[in-house]
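Please read it with the structure open.

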Amino acid sequence: MNEINHKTVFVLDHTPYFGISCESPIDCDFIKSKVAVPPISKSLWTCAVEASVEYCRIAYDLFPVGKLIRFVVSDTAAHIVNTWNTNTQSLTHILNAMSMVGVPPRQTQASDYSVIHGLRAAIEALAEPTEFQKEQLAVHAKSDCFKLVNRGRVICITSARDDASMKSLEDIFRTVLVQQNAISAGHKEYINIDQCHLVIINLYPANMESMVSNRALIEISPILLSEIHSNKANTISNKLTHLILPHFDLASTTVTGIPMKEEQNASSSANYDVEIFHGRTAHSVFLGTELVLPHSLKDGSDYETVTLKWCTPRSCGSSEMQPCLAQCRVTPVDVTSRPSSCLINFLLSGRSVLLEMPKKSGGKITSHLLSAHGGEIFIHSLNTARSCLEDPPSISEGGGGRVTDYRIKDFGALMQQHRLVPLKPLPERQPDEHLQKMRGKLARNSRYWPLTLGRTVLYNVRHFVEPLLLLTQKPELSEEEKMLCLKSIYNLSQLEERQEVLALPNMGHRLKGNKKEEQYRLLWSELETIVNCNGASPAHKAIVGCIRECRRMYPSADGADPYDKTHGGTAEGGVAAAAAAAAAAADAHRASVIRATTDSPMSPPHSMGGSTGAAGASGGATAGGGSNGGTGGGTGADATSSSSGTSVTLAVGSGGVSVGLLGARGTMGSGKKGFGSGGRSLLDVLASTERAISQKRIDFSGRLCTPSGQVAKLYSHVGAKDADGGGGAQGRPADVK
């Protein structure tokens, strides 16, 4: 009720000038009289009263409560026609008062006729609280933070000489408005005016030209908006009909093709059009859909109307009621015309009429319904999509095409968790307090919400983490709830440690061959995202930290630690280096084994012992173990012992690596609670290292058999002379002839 159209005050100029003719003659014919009757003409006062009363009729028809209109007549003083009391808010009361006022006298000697008296009274009327505003003030009397917003509109119908006179009128109105606010600050019976919209309509006879120009809405001061319209007296009704649309957020609809019988010939019928006004939501609810609202400019007016075609009427039974998106009261624009009267009587008799409109894709669709309820006529905006009253469609027929794995049950549970019930308003309760809380909760819980089961890993194995998904939706967690969530995380880690395969549907392109490592990587990632979105309490942060710790203990599919990619400089750096050294030692060992089993008897002997020994020593030094690498033998017969020495050295080096890994893990976990017993066993380290190594490509090691600077030869003795060198630099014996 704080809208600017809650209060409207009409100020009608009752000066002698408004007693002149509007110079728009009306011809009258008398059926039984042969005497010619001269045409008659209305006065400016009559035109102003008729147009303003019609403005009231439309507002009262569409808004039975909440929209109040007062009238002030101004001549030598301001005359109050009605008050904010609902008993005086009726056309009968206004018309009776106007008949008592009468047409202003044309000849008078008084010089104090002015419309300013009425403008002063209009500002005082806006400062008076209505019954609704009094109730609001009484309810929030003890609240310090409540502020009643008082806004209103003043429509002044007068006549001025030029633009300078209009400017002077606006200045006077602004000055009086500021003075009234100063008075209201110290007066209990008045309230402050926060905003006022002044509409000045300059009226003049039809055979004259006005020196007052039209001006659009501008801001005169922070609390005053003003606009000026200059109109001939015979068109004032169309102007006010146009202005009421934006003032009360209305729209126009023209129903075309209404079949009606002729008065003169009852056997024939003709089609008529009837224009009606209603709330704008009856049209705006279709914006963005495939429906096209057929707008057109009404003849003789400045506003647009939507044309809808009459359909076959039907009875309005409960079994034939259709679901609608919006409903608004309607009122005819020309209430005295015969087509309007016929349409209103037809609808009040209990019949309903469907209205059609075109579609973008061609054809027509039934979009609106005219029907009467309790003696009032409404326009219903029908639901043009699939009705909620029909049987639910197959999931393959919806917008998702052939997608059949929507999370329908989870969506239903989401709606149940965020359901609201109406509460009785109380003074100590802030308005929409729970609504704002629910909006925040819904925003948190729907920030990450996969639509289908094929796009998620976590919700396919929710039975493993069901307590975690439910409890983390709370803004705060107790210590018992936090421990229950951590227990779910540890159980999930044990599943990954045992390398159990997750039973998942077809995940499309998200999983690379449905590998176990990829499944668990996505599972941990989703789990961390959901907990992060659900809350930021200390318990939520502890759960996120536990999830990240488990992700570090079990690396991803490529053998790398996803957490270390974004968090450097921790104790895990030494662990990663030790794992890399162990991988390098294992590569060298595997390469020597391949050569030992694939060398030809005719192949020249090679000295891999020193290389692998160095690798073993390097591995031992990196891991912190003290081992000595083996040295290569000087003869071909020492090749076997060299290989065995390499194996022993690698074992020692591997042991050193293992010891180093356990030491690093123990150091890292000394300040925290580790998973399980507090550290990883040697078997766990070797198993994870083997999984990482098995995914790497073995480097070709054949180039190590040939010394630097020489060319490798398969049979070096072919075409060569007996020589002492030929590899003596490497300590090899002479080639066997």
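1. Basis of the note. This is a predicted model, in which local features need pLDDT of at least 70, side-chain atom pairs count only at pLDDT 80 or more, and totals for chains, interfaces and linings use all residues. Residues are numbered from 1 along each chain as its sequence is written, and side-chain values use heavy atoms, with hydrogens and water left out.

2. The chain as a whole. The protein chain contains 18 helices and 16 strands; these are DSSP runs numbered from the N terminus, with helices (H or I) of at least four residues and strands (E) of at least two. Of its 737 residues, 38% are buried, a term that means under 20% relative accessible area, with exposed over 50% and partly exposed in between (1.4 Å probe, protein chains only). Among contacts (heavy atoms within 4.5 Å) between residues at least 6 apart in sequence, 70% join residues at least 24 apart. The chain exposes about 40,500 Å², of which carbon and sulfur atoms supply 55%; the areas come from the Shrake-Rupley method with a 1.4 Å probe, and for residues only the protein chains shown count as cover.

3. Strand β7 and its partners. Strand β7 (residues 224-232) has eight of its nine residues buried. Strands are taken to pair if DSSP finds at least two bridges between them. On this basis, β5 (residues 195-204) runs parallel to β7 and is joined to it by nine bridges, with Ile200 partnering Ile228. Strand β6 (residues 215-221) is antiparallel to β7, over four bridges; Ser221 stands opposite Leu224, and a hairpin of two residues connects β6 to β7.

4. Strand β9 and its partners. Strands β8 (residues 250-261) and β9 (residues 269-279) run antiparallel and share ten bridges. Strand β9 also pairs with β13 (residues 324-332), again in the antiparallel sense, through three bridges. Ile276 of β9 is the bridge partner of Thr253 and also stands opposite Pro332 in β13.

5. Helix α12. This helix (residues 479-497) has 19 residues and spans 27 Å from its first C-alpha to its last, close to the 27 Å expected; the expected span is 1.5 Å times one less than the number of residues. Its buried residues include Cys485, Leu486, Ile489, Leu492 and Leu495, and among them are also Glu481, Lys482 and Glu496. Just after α12, Gln499 adopts a positive phi of about 60 degrees.
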